[in-house]
Amino acid sequence: MVEFHQIGEDQVGLRTPEKKDEPAILSLLVKAFGQSNEGRLVERLRACGALVLERIATDDDGKLLGHLAFSRVTGTGEGHRLKISCLAPVCVDPASQNKGVGTKLIQEALDDLQGLGEDLVLVLGSPDYYSRFGFDSELAKKVQGPYAGPIFMALPFTQAGREDLPVEVTYATPFREFE
Ligand SMILES: CC(C)(COP(=O)(O)OP(=O)(O)OC[C@H]1O[C@@H](n2cnc3c(N)ncnc32)[C@H](O)[C@@H]1OP(=O)(O)O)[C@@H](O)C(=O)NCCC(=O)NCCS
């Protein structure tokens, strides 16, 4: 089901991708990142069943504008019962960047993810950008894993996600290429 949102003068559709969208998603990832690593990551995450939620943004003709994926992260230690996922990768077609598509895509997907009962979401990226969604680099200091550092952030959805820390996390196997 496509949900349409007004962004400036444009109508942007948000939906879960179907099998037929996968080649266009791959092309978009290569275009947005200028390399094939992120496209390969998404394909491998899909293949190993690690994806928790995937969303695309389209224009009013159905053309692909943006994509994001959340995948399962496994916790051990104090927070071993937490449902944890990570946001990676996220991209918007370079021709459509800085118009609010990424913000809408991420915010709506986070709302859906919260509805699935996740406790904590992790991201690696610019604090200037991701803090607008509530991602917090201070909280992420209690999350030990391969990406710990100043651009590693965490967003809690539940009290457990805020309090049942520290937690040590392991990402899905396809991320090993990026560690
Ligand atoms: C990051 C990205 C998804 C943002 O999508 P977008 O549709 O352009 O974002 P929006 O229009 O909603 O938001 C634009 C804001 O993000 C900021 N922004 C964009 N890219 C940024 C970056 N790499 N670092 C910090 N801020 C960034 C812009 O300065 C702008 O800030 P403002 O709202 O304060 O003016 C998009 O720029 C992109 O695909 N980049 C290439 C791929 C990438 O780096 N992905 C993120 C890492 S997985």
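# A predicted chain and its salt bridges

Student: In what order do the elements of the protein chain run from the N terminus on?
Tutor: In this predicted model, the elements run β-β-α-α-β-β-β-α-β-α-β-β-α-β from the N terminus on. Helices (H or I, at least four residues) and strands (E, at least two) are DSSP runs, numbered from the N terminus.

Student: How many helices and strands does the protein chain have?
Tutor: The protein chain has five helices and nine strands. Its radius of gyration is 16 Å, close to the 16 Å that the globule rule gives for 179 residues, so the chain is as compact as a globular protein of that length. That radius is taken over C-alpha atoms, and the globule rule is 2.2 Å times the number of residues to the power 0.38.

Student: What should I know about the numbering and the model?
Tutor: Residues are numbered from 1 along each chain as its sequence is written. Because the model is predicted, local features need pLDDT of at least 70 and side-chain atom pairs count only at pLDDT 80 or more, while totals for chains, interfaces and linings use all residues; side-chain values use heavy atoms, with hydrogens and water left out.

Student: What share of the residues counts as buried?
Tutor: Of the 179 residues of the protein chain, 46% count as buried. Buried means under 20% relative accessible area, exposed over 50%, and partly exposed in between (1.4 Å probe, protein chains only).

Student: Now to salt bridges: how many are found in the whole structure?
Tutor: The search finds 13 salt bridges. Each is a side-chain nitrogen of Lys or Arg within 4 Å of a carboxyl oxygen of Asp or Glu.

Student: Which residue does Asp93 meet in a salt bridge?
Tutor: The partner of Asp93 is Lys31, at 3.0 Å from N to O. This pair links distant parts of the chain, 62 residues apart: Asp93 is in the loop between strand S5 (84-92) and helix H3 (101-115), and Lys31 is in helix H1 (residues 22-33).

Student: Is Asp93 buried or exposed?
Tutor: Asp93 is buried, because its relative accessible area is 3%.

Student: And which residue does Arg40 meet?
Tutor: Arg40 forms a salt bridge with Glu177, at 2.4 Å from N to O. Arg40 lies in helix H2 (residues 37-47) and Glu177 in the segment after strand S9 (167-171), so the pair ties together parts that are 137 residues apart in sequence. Arg40 counts as partly exposed at 30% relative accessibility, and Glu177 likewise at 35%.

Student: Which residues are linked in a network of salt bridges?
Tutor: The network of salt bridges links Lys19, Glu22, Arg46 and Glu54.

Student: Changing topic, which residues form the negative surface patch?
Tutor: Glu9, Asp10, Asp60 and Asp61 form it. Patches are made of residues with over 30% relative accessible area and no salt bridge, like charges being joined within 9 Å and nonpolar side chains (Val, Leu, Ile, Met, Phe, Trp, Tyr) within 5 Å. Asp60 is found in the loop between strand S3 (51-58) and strand S4 (64-76), and Asp60 is exposed because its relative accessible area is 56%.

Student: Where are the cis peptide bonds?
Tutor: A cis peptide bond joins Ala88 and Pro89, with omega about -5°, and Pro89 is found in strand S5. The bond from Leu165 to Pro166 is also cis, with omega near 10°.

Student: What about the phi of Asn98?
Tutor: Asn98 has a positive phi of about 65° although it is not a glycine. At 81% relative accessibility, Asn98 counts as exposed.

Notes. Areas by Shrake-Rupley, 256 points an atom, 1.4 Å probe, with all protein chains shown as cover. Lys, Arg positive; Asp, Glu negative; His and termini not counted. Charge placed at Lys NZ, Arg CZ, Asp CG, Glu CD.
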